[in-house]
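Thanks for coming, everyone. Please look at the screen while I walk through this one.

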Amino acid sequence: MSIALNVITGFLGSGKTTLLKRLLHGESLGDTALLINEFGDVGIDHLLMEEVAPDTVLLPSGCICCSIRGELKDALLGLLQRRERGEIPAFKRVILETTGLADPAPILATLNNDVQLRGRFHIGLVITLVDASHAALQERLHPEWLAQVAAADRLLLSKTDLVENCDALREHLQALNAGTPILDTEDIDSGEQLLLGEGLRSATPTAEVTRWKLHQAESTPSTHGAAQVCCLSFDQPLDWVGFGVWLSMLLRCHGERILRVKGLLNVNASSAPIAIHGVQHCLHAPVHLPAWPGTERQSRLVFILRGLDPELLRRSFEVFSRRFAA
Ligand SMILES: Nc1nc2c(ncn2[C@@H]2O[C@H](COP(=O)(O)OP(=O)(O)OP(=O)(O)O)[C@@H](O)[C@H]2O)c(=O)[nH]1
């Protein structure tokens, strides 16, 4: 069975290691393999029970902790090999902590595009930490900040203790990446809270799509800092193949300017919708939902753009939808 790779990202010093370290004390990250870029940073030595292979330790919680010295691909395949040889316990998910300057898109693309990884691993959740005390500055100075926020399936606010009021920041994040749950790191005490339902490829994909709140998305484009948020909708059923061609071409031509897309599609004569989402050039595998989450049957897409005119996107979709309505 394919294993979910969940990515924890967030700008330098946003508190990723602090959060993981706290969670590693508990039991809730059992069944998890944790991949960390800089092993020493985590300071888990005092938690260390057993060294099971070079760069890999088994923690009291049952979590396997592994440093990445080489490529992500090698680390993931290495975990599988060690598991097969019985050197480490079976794990049902992987959590990867990225470096603070990482744009999550290439990591997700590695998983999607590599033939050896595809089928063995799939993209789970992208969890982005936002340092409440430095968010405004980081957003202004570092393009990675916006890429990380746009890619997020969960947003976690850290350092709220250093800020008097986070309401404006929460509002800004909600406007940028609508529907994404925003939690405070200090309220996260377990792996279950961190992963909150485990995303679109979990046993409850409809719950995840309901979190997207697509029905509430505004149809007029809006600007938030360097990002434009654009919502497209279509009443008639869409032709799935035609739509796939349109979206693939769009991402191929403008992927680096499409920081995120999420959508629920009414396709052909199907009685249930297809959920899609992607980050830049990387489109995750579409998921057929068992039923519509509500009474609406409209296809809806939300894009977070940077440097791409929402009007161009709208016109392109209109041309497509006239040609490819099922
Ligand atoms: N006041 C306060 N400090 C925090 C909080 N979370 C983390 N810190 C501090 O922020 C600093 C950076 O935290 P890390 O957990 O190392 O951050 P990181 O995201 O792992 O950092 P990089 O790996 O360098 O990107 C440390 O000194 C932490 O103690 C928080 O919620 N409140």
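Start with Cys253. Cys253 is exposed, at 52% relative accessible area. Exposed means over 50% relative accessible area, buried means under 20%, and partly exposed is in between, with a 1.4 Å probe and protein chains only. This is a predicted model, so local features need pLDDT of at least 70 and side-chain atom pairs pLDDT 80 or more, while totals for chains, interfaces and linings use all residues. Residues are numbered from 1 along each chain as its sequence is written, and side-chain values use heavy atoms, leaving out hydrogens and water.

In general, a disulfide is a covalent bond between the sulfur atoms of two cysteines. The rule here is a pair of cysteine sulfur atoms within 2.5 Å. By that rule, the count is 0 disulfides. Another cysteine, Cys166, is buried, at 8% relative accessibility.

Now the ligand. How many residues surround it? The number is 13, and the closest are Gly15, Lys16, Thr17, Thr18 and Asp161. To count as near, a residue needs a heavy atom within 4 Å. The shell splits into 3 nonpolar, 6 polar and 4 charged residues. Asp, Glu, Lys and Arg count as charged; Ala, Val, Leu, Ile, Met, Phe, Trp, Tyr, Cys and Pro as nonpolar; the others, Gly among them, as polar.

Next, some distances. A side-chain N or O atom of Lys16 is 2.8 Å from a ligand oxygen. For the side chain of Thr17, the distance to a ligand oxygen is 2.7 Å. Lys159 uses a backbone N or O atom, 3.0 Å from a ligand oxygen. On its own, the ligand has 650 Å² of accessible area, and the protein covers 63% of that. Those areas come from the Shrake-Rupley method with a 1.4 Å probe.

Stay with Lys159. Its phi is near 60°, positive in a residue other than glycine. Lys159 sits in the loop between strand 8 (154–158) and helix 7 (167–176). Helices (H or I, at least four residues) and strands (E, at least two) are DSSP runs, numbered from the N terminus.

Last, helix 1, residues 16–25. Helix 1 gives the shell its largest share, 3 residues. Its buried residues are Lys16, Thr17, Leu19, Leu20, Leu23 and Leu24.

How values were computed: Polar contact = N/O pair within 3.5 Å; in protein donor to acceptor, adjacent residues only side chain to side chain.
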